[in-house]
Amino acid sequence: MANFETVEVNTDLLIVGGGFTACGAATEAAYWAKKNGLKVTLVDKAALDRSGAVAMGLSAINQYVGVRDGDNTVEDYVRYVRQDLMGISREDLVYNIARHVDSTVHLFEKWGLKIWTDEDGKYVHEGRWQLMINGESYKIIIAEAAKNAIADAGGEIYERIFITEPLMDGNRCVGAVGFSTREEKFYVFKAKATIAAAGGAVHVFRPRSVGEGFGRSWYPPFNTGSSAYFTMKAGAEMTCQEVRFIPVRFKDAYGPVGAWFLLFKSRAISAEGGEYMAVRKDELQNWAPYGLAKPIPANLRNYLGMLDMDEGLGPLYMETDEAINKIADAFKEDPKAFKKKMKELESEAWEDFLDMTISQAHLWAAQNVKPEEKHSEIAACEPYFIGSHSGASGAWVSGPEDLDTPYKWGYANMCTVDGLFAAGDASGASSHKFSSGSHAEGRIAGKAAIKYVVEKGADPNVDMAKVEGLKKKILSPLDLWQAHCNETTDPEINANYILPRQFMFRLQKLMDEYAGGVTSAFKTSKSLLDRAMELFVFLKEDSEKLGARDLYELERCWENIHRMWQGEAHVRTMLFREETRWPGYYFRSDTPKMDEDNWHCFANCRWDPASGEWEMMKRDVVPLPGV
Ligand code: SFD
Ligand code: AMP
């Protein structure tokens, strides 16, 4: 049997993850912990400076309300998110994040982040809610602030520890267990409160690139659904597990489109159909009132392009050359000013990707594309689970104490499990928080978790016999490999175990073909989903037979088990919601219309750790009074 050393860590607050949410939680919680003589511990599977979705940097801050400049109100943002998610959002949570996000952005600037400003010193907006930044080192700046805050408060940071399971004492979360991805050590974190902030999920569905370039994706392949798994296994109620996010991106290298649509005012067309968002606008009537909103909800923007693709009018293109030349034309009279403007636009176009999705700049270079001279293909990506962007999947969390909402049970962002909090991609139904809003929500959860520890934080009661059981189970893929790998000439082909990559292919094929992936043109139905559930029975059996030859593969094994749980929650919830509400994300061919009478509600689910049974439930959507 694998003989890993067990390392025990005792702390007051444990933060699982090291991304934008976790850094927000760490920075805020450390401040309050210091005041109360408490200890904060953060654990990340990677290195804080370059981990998570912002590892490569970003070229924009996508949530800034601009309250101090009188541009917008917090209520405006609540209405924007309500429309964009087709009426389904926790307005109390969206309001709470939106009222704190501007101060968070001002902190980023104080810490050294360069936010573009115009000649009057005002922020340069990409769009109504988005600011342009020089963001290549965005994550390093935010991580430094978190590190300083934790060090100043006598806390600890653990890197390269993959958190696998929550530690439970009845319906209370008392920490987490995991293993080092570099040395044979098994970690047991005992905590009075825990924040799940381990991002969303990628590669649950088969990506567009399967052979050469397998692994290319927009959202990072190393966010593997650990937040959702952690909160589900703890028995927490989950929400919006059907609301995957499908971003339209520059094809094959996944470059984002926001700056092109908003800053460069670029048009998107189909080769044979023209500007589909204009040509097909009548379709939006079918999705009223949300379809008639401005801006058109993200899923419907996708859907209109998909209709053109279904009719064979593709490919779809982003008219970058037209957009750049239109802007530069204003300077045509003065050749020197025109040349300067063209240079400026060219660098902005490249900077947008060099700061965020470098592979897009590579692909442009590899295909001799000059965006000012040639348009680029765009395409709808494979689905992701990311509650912080225009998706909504995550845990069902408590609202803030001071707001008039039925959904509050004591501590902001606490799950329905005692002592467990969730934020960022880990918390659901509060979309459009992005990097800045995730950091702000992390701060909210960090402060509330310390308040919980001060008021209710009994010492964690950890059953070490249970921990030994978890250790054995978590390391079992290493034992299975060891026991059988010499029984076949090629250890990759062995009837006694399945390797993580083979298992992931099996999961992705199931999801792609039955749950509305790319090759199913994002369509599914009750029959297809029922078949998916049949196949999940076998997949779960297979997961018991995962084999791992080393630490690297052990991590891949558990990443894929986390992905599998996210996939199952997704399929169960798409089955439960008997309508199509987010065409462009997924379309149920057997229930093709939106059903406001029966399904203007949250579709929530919960896995019961005691019985192992799943429960599905409806929750009312409660608009904020007066908004
Ligand atoms: O335009 C474990 N995002 C953008 N946000 C913006 O504000 N502006 C942009 O321009 C954005 N663009 C964008 C964005 C993301 C990506 C990938 C691209 C472009 C290419 C979205 C934000 O990045 C996103 O909203 C936030 O980062 C979400 O924050 P958070 O904290 O929920 O997730 P994270 O930052 O990925 O952090 C997750 C952390 O968890 C760790 N982790 N640790 C221990 N054990 C485990 N089992 C773990 N599993 C994961 C990770 O290492 C990481 O530290 S645009 O395209 O949208
Ligand atoms: P993306 O690059 O798709 O991640 O989008 C970045 C930001 O721009 C997000 O806040 C999107 O909601 C917003 N956005 C992208 N495209 C459009 C559009 N066509 N109209 C309005 N907002 C958009």
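**Before you start**

Residues are numbered from 1 along each chain as its sequence is written, and chains are lettered from A and ligands numbered from 1 in the order in which they are written. Because the model is predicted, local features need pLDDT of at least 70, side-chain atom pairs count only at pLDDT 80 or more, and totals for chains, interfaces and linings use all residues, while side-chain values use heavy atoms, with hydrogens and water left out.

**Stop 1: the whole protein**

Show the protein as a cartoon. You will find 17 helices and 22 strands; helices (H or I, at least four residues) and strands (E, at least two) are DSSP runs, numbered from the N terminus. The radius of gyration is 24 Å, close to the 25 Å that the globule rule gives for 627 residues, so the protein is as compact as a globular protein of that length. That radius is taken over C-alpha atoms, and the globule rule is 2.2 Å times the number of residues to the power 0.38. Along its principal axes, the C-alpha trace spans about 80 × 60 × 50 Å.

Of the 627 residues, 61% are buried. Buried means under 20% relative accessible area, exposed over 50%, and partly exposed in between (1.4 Å probe, protein chains only).

**Stop 2: ligand 1**

Select ligand 1 and the residues near it (one of their heavy atoms lies within 4 Å). There are 37 of them, and the closest are Asp-44, Ala-60, Asn-223, Ser-388 and Ser-435. By class, this shell holds 17 nonpolar, 16 polar and 4 charged residues. Here Ala, Val, Leu, Ile, Met, Phe, Trp, Tyr, Cys and Pro count as nonpolar, Asp, Glu, Lys and Arg as charged, and the others, Gly among them, as polar.

Next, look for polar contacts: pairs of N or O atoms within 3.5 Å; within protein, one must be able to donate a hydrogen and the other to accept it, and residues adjacent in sequence count only if both atoms are side-chain atoms. In the side chain of Ser-388, an N or O atom is 2.6 Å from an oxygen atom of ligand 1. Ser-51 places a polar side-chain atom 2.8 Å from an oxygen atom of the ligand. Lys-45 uses its backbone instead, with an N or O atom 3.1 Å from a nitrogen atom of ligand 1. Alone, ligand 1 exposes 1100 Å², and the protein buries 98% of that.

**Stop 3: Gly-18**

Go to the loop between β2 (13-16) and α1, where Gly-18 lies. Is Gly-18 buried or exposed? It is buried, with a relative accessible area of 3%. Leaving out residues up to four places away in sequence, Gly-18 touches Cys-23, Leu-42, Asp-44, Leu-48, Ser-51, Lys-139 and Ala-197; contact means heavy atoms within 4.5 Å.

**Stop 4: ligand 2**

Which residues come nearest to ligand 2? Of the 14 around it, they are Gln-130, Arg-249, Val-257, Gly-258 and His-389. Helix α6 (residues 258-263) gives the most to this shell, with 3 residues. A polar backbone atom of Gly-258 is 2.7 Å from an oxygen atom of ligand 2, and a polar side-chain atom of Gln-130 lies 2.9 Å from an oxygen atom of the ligand. The protein covers 89% of the 480 Å² of accessible area that ligand 2 has on its own.

**Stop 5**

Most residues other than glycine have a negative phi, and most peptide bonds are trans. Select Asp-252, which has a positive phi of about 75 degrees although it is not a glycine. Asp-252 lies in the loop between β13 (248-250) and α6, and at 30% relative accessibility it counts as partly exposed. His-432 has a positive phi of about 60 degrees, but this residue is buried, with a relative accessible area of 3%.

Finish with two cis peptide bonds. One joins Ala-288 and Pro-289, with omega about 0 degrees; Pro-289 is in the loop between α7 (276-279) and α8 (298-310). Another joins Gly-314 and Pro-315.

Notes
Accessible areas come from the Shrake-Rupley method with a 1.4 Å probe; for residues, only the protein chains shown count as cover.
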